Amino acid sequence: MPVAVSTGYYRFTDIFFEWHQVLPEPKDISPLKALLAYDALVHPDHPLRKAGIDGIELFLGTFPNGEMRLLFSSTQIEYIRYWLHAMRLTDAPLPIPASDYLLQSSDLTNCSPCVYRDAASLKKAIKTIEKNNRRMKGTTTLLAARRLAFEKVRTLWAARAGTWLALDFEAWDRDHTVLTEFGWSLVRWDDQHEHEQLAQRGHLVVKEHRGYTNTYVPERRDYYNFGQSEEVSKQAFKERICALVDEHSARGPLFLVFHDNSQDIKYLRSDALRAVSELEFILPDAPPARGVFVVDTADLFAALEGESSANRRALERVCIHLQIKTESLHNAGNDAHYTLLAMQSMAAGDPVDVQREKRWPNRTTSTDPKVAFEPWEEDSDYDDFEGLMPPGVPVAPAEAEVDADADADASGDANGEGTNFWQ
């Protein structure tokens with residue numbers, strides 16, 4: 001009979017500190033500890049090293065209460081067991097950790113790969129995660145984590161340091177590996193000219209993919225609103241994107257701004273581009289000297305409106321509520337620019353509670369922090385009725401928001417306390 005195999009993730013701390021302590025054979029302890037040492041994990045010859053990735057790839061998982069944990073995948077743990085045995089460092093494959101310690105996708109609201117090039121950056125990441133989790137202690141929802149990130153973005157933006165680069169990709173809707181467009185919009189400050197703000201934006205279209213037209217998503221590649229689109233070859237497409245990221249990460253801290261980042265980060269890291277390896281998903285408290293950090297306007301707006309579930313607003317809806325006029329969305333250049341405008345609108349404002357009350361007065365209650373929007377405020381075509389229908393007259397409600405993580409289940413214990421480490 002076939003046997004079902006569970007896959008998922010294990011906490012880095014469980015594997016690093018606990019696994020070797022409960023091995024049944026004492027002679028297996030040293031080989032495992034040596035393979036899991038910080039310096040060993042980041043070494044180019046480590047068996048978990050993936051081709052084309054400059055460092056060890058681990059995973060950063062977020063729990064429903066907002067806490068984060070650095071993770072190994074279960075595939076990595078399986079490979080470690082069999083590699084040690086294949087190298088004759090253990091007499092038999094090591095026993096795997098108990099299923100109580102296995103985290104599945106339904107236990108997490110988000111899980112993103114992270115690459116660490118050296119032992120120092122790996123140790124720093126673990127300390128940063130622990131520090132962030134201590135701040136989250138006692139909270140019960142994702143909303144607290146989003147609110148913390150919102151205030152960090154305000155602090156970093158007010159410091160007028162680094163480059164804030166909004167990115168967006170469009171792909172053929174029948175095969176998302178076929179990239180058709182890339183758009184960017186950035187703001188940075190020039191220290192040599194008393195923190196003068198400099199802006200830049202653009203839109204690239206892949207020449208070889210001109211024949212791929214969408215079926216389910218609006219086709220808007222020829223409707224860039226902020227300049228002239230450039231049609232480039234696939235090779236030039238890759239080179240331009242890599243050069244853009246390299247140029248601005250070399251200037252100092254680089255804040256990559258996305259709206260719902262998961263797919264765009266996959267594109268940046270794909271074999272077709274390989275434009276970025278190291279990304280920090282936890283924002284620093286103060287402007288750093290260097291580093292590449294992720295800012296997500298979907299999470300920022302969720303903090304602003306008081307959304308404690310995994311639901312995320314579409315870019316169009318966010319812009320409507322922030323009173324940012326949009327045109328020809330689903331063009332990568334336009335989407336990137338509107339994403340940057342949305343980020344600026346929130347980052348340059350007051351603290352989250354004050355800003356929410358200024359934008360939407362008296363829309364929350366003492367028991368429900370989420371803004372209660374009126375039906376006509378949810379309608380993307382409301383401007384068509386403005387002047388014809390006074391406030392208070394409802395219009396057709398907008399299409400329901402898509403909950404990308406509706407099936408996420410908070411059944412996992414974020415603290416990872418188990419009774420037996422072994423199967």
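This is a predicted model: local features need pLDDT of at least 70, side-chain atom pairs count only at pLDDT 80 or more; totals for chains, interfaces and linings use all residues.

Visitor: Then what share of the accessible surface of the chain belongs to carbon and sulfur atoms?
Guide: The accessible surface of the chain comes to about 21,000 Å². The part of that surface belonging to carbon and sulfur atoms is 49%.

Visitor: And how much of the chain is buried?
Guide: Buried means under 20% relative accessible area. The chain has 423 residues, and its secondary structure comes to twelve helices and ten strands. Of those 423 residues, the buried ones make up 48%.

Visitor: Among contacts between residues at least 6 apart in sequence, what percentage join residues at least 24 apart?
Guide: Contact means heavy atoms within 4.5 Å. Taking the contacts in the chain between residues at least 6 apart, those that join residues at least 24 apart come to 70%.

Visitor: Let's get local. Is strand E2 mostly covered or mostly open, and how many of its residues are buried?
Guide: In a regular strand the side chains alternate between the two faces of the sheet, so look at each side. On one side Ile56, Leu58, Leu60 and Thr62 are buried, and on the other Glu57, Phe59 and Gly61 are buried too. That makes E2, residues 56-62, mostly covered, with the buried count at seven of seven.

Visitor: Which residue takes a positive phi in the hairpin of E2 and E3?
Guide: The hairpin has five residues between its strands. A phi near 95° turns up there, and the residue that takes it is Gly66.

Visitor: Where does Gln76 sit, and is it buried or exposed?
Guide: Gln76 is in helix H4. Not counting residues up to four places away in sequence, Gln76 touches Leu48, Glu57, Leu58 and Phe59. Its relative accessibility is 10%, and with the cut-off at under 20%, Gln76 counts as buried.

Visitor: How far apart in space are Gln76 and Leu48?
Guide: In sequence, Gln76 and Leu48 are 28 residues apart. C-alpha to C-alpha, the distance is 6.8 Å.

Visitor: How exposed is Arg88, with its positive phi?
Guide: Most residues other than glycine have a negative phi. Exposed means over 50%, so Arg88 counts as exposed, with a relative accessible area of 77%.

Visitor: Last one: how are helices H6 and H11 oriented to each other?
Guide: H6 (residues 142-158) and H11 (residues 332-347) pack at an angle of about 90°, with their axes 9 Å apart. The contact is made by Phe150, Val153, Arg154 and Trp157 of H6 and Met343, Gln344, Met346 and Ala347 of H11. Those residues divide into six nonpolar, one polar and one charged. Angles of 65 to 115 degrees count as roughly perpendicular, so H6 and H11 are roughly perpendicular.

Technical notes: Residues are numbered from 1 along each chain as its sequence is written. Side-chain values use heavy atoms; hydrogens and water are left out. Axes are lines fitted to C-alpha atoms, for helices over the stretch in contact, and angles run from 0 to 180 degrees between N-to-C directions. Helices (H or I, at least four residues) and strands (E, at least two) are DSSP runs, numbered from the N terminus. Angles under 35 degrees count as roughly parallel, over 145 as roughly antiparallel, 65 to 115 as roughly perpendicular and the rest as oblique. Ala, Val, Leu, Ile, Met, Phe, Trp, Tyr, Cys and Pro count as nonpolar, Asp, Glu, Lys and Arg as charged, and the others, Gly among them, as polar. Buried means under 20% relative accessible area, exposed over 50%, partly exposed in between (1.4 Å probe, protein chains only). Accessible areas come from the Shrake-Rupley method with a 1.4 Å probe; for residues, only the protein chains shown count as cover. Two strands pair if DSSP finds at least two bridges between them.
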